[in-house]
Amino acid sequence: MHLVYLHGFASGPDSTKGGFLKRRLAELGYELHQPDLNAPAFETMTISSQLAVIARSLEGLRGPVTLLGSSMGGLLAVLQATRDPRIEQLVLIAPAFGFARRWQERLGAAAVAEWRRSGKLAVYHYAYRRECQLGFEMLADALGYDEAQPSRPVPTLILHGRHDEVVDFELSRAFAAPRPNVTLRPYDTDHAMIDVLEPMWQEIRAFLKLERQGGHPAVRSS
């Protein structure tokens, strides 16, 4: 089994959750692959460009793949799973469902129009620790994707905070409700979910049926 972590928007592979999962998996003898979805540049990043990064990171892998995605990484995991039959399990942490619609609503019509006109939107990048100018193609491209219509019933675990101030918990509930392949685990926390890392890890470990590798070589992710 190959394990791949997809970080969130305006973040990076060495995020708090990514680092935490990498350490916990290493303790069991597993290796976690963490592609940088900002490539080639955050300023020109789109949903399509991130999916291309994921596809390249999976090239040459044989055997089943598990994607673990946080926020936008969770949305990307669902979209990639419809394209790649090797992906057999998904773990979604506060997945950014309804991304394009939510951004339009949050920004408002006037701000979206200005973004379209100027081609740039100031966004603070938490991994870079500075403000970046995100191209309008991010929103235009996102409008062409619909996570609500996955073509494969991949076993999926969703971990989401009831008090998420970025992505409404009800979006995950609505996604999970009609799908018997999806398990939703709510937490009394916000979007970051930093205060529930340990209980989330126990859910993830049980869902993926991860056992300590003992004296055997670690399961590699790349």
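The covering of the buried residues of α7 includes α3 (72–81), β7 (156–161) and β8 (182–187). Helices (H or I, at least four residues) and strands (E, at least two) are DSSP runs, numbered from the N terminus. The model is predicted: local features need pLDDT of at least 70, side-chain atom pairs count only at pLDDT 80 or more, and totals for chains, interfaces and linings use all residues. Residues are numbered from 1 along each chain as its sequence is written, and side-chain values use heavy atoms, with hydrogens and water left out.

**Helix α7.** Select residues 169–176; Phe169, Ser172, Phe175 and Ala176 are buried here (under 20% relative accessible area, with a 1.4 Å probe and protein chains only). Viewed down the axis of α7, these buried residues fall within an arc of 125°, so they line one face of the helix; the arc is that of the directions from the helix axis to the C-beta atoms. At the start of α7, select Asp168: one of its side-chain oxygens comes within 3.0 Å of the backbone nitrogen of Glu170.

**Gln34.** Next, select Gln34, in the loop between β2 (32–33) and α2 (47–58). Is Gln34 buried or exposed? Gln34 counts as buried because its relative accessibility is 13%. Its side chain reaches the backbone oxygen of Pro13 at 2.8 Å and that of Gly18 at 3.3 Å. Beyond its neighbours within four places in sequence, Gln34 is in contact (heavy atoms within 4.5 Å) with Tyr5, Pro13, Gly18, Gly19 and Lys22.

**The largest pocket.** A pocket is an open set of points on a 1 Å grid over the protein atoms alone, with protein on both sides within 12 Å along at least five of seven lines; lining residues have an atom within 4 Å of a point. The largest pocket has a volume of about 900 Å³, where a volume is the space filled by probe spheres set on the points, joined across faces, edges and corners. Select Phe9, Ser71, Tyr126, Val166 and His191, which are the closest to its centre of the 34 lining residues. Helix α4 gives the most to this lining, with 5 residues.

**The second largest pocket.** This pocket has a volume of about 240 Å³. Of its 16 lining residues, Phe97, Gly98, Asp146, Glu147 and Ala148 are the closest to its centre.

Terms used
Buried means under 20% relative accessible area, exposed over 50%, partly exposed in between (1.4 Å probe, protein chains only). A polar contact is a pair of N or O atoms within 3.5 Å; within protein, one must be able to donate a hydrogen and the other to accept it, and residues adjacent in sequence count only if both atoms are side-chain atoms. On a 1 Å grid over the protein atoms alone, a cavity is a set of points where a 1.4 Å probe fits but cannot get out, and a pocket is an open set with protein on both sides within 12 Å along at least five of seven lines; lining residues have an atom within 4 Å of a point.
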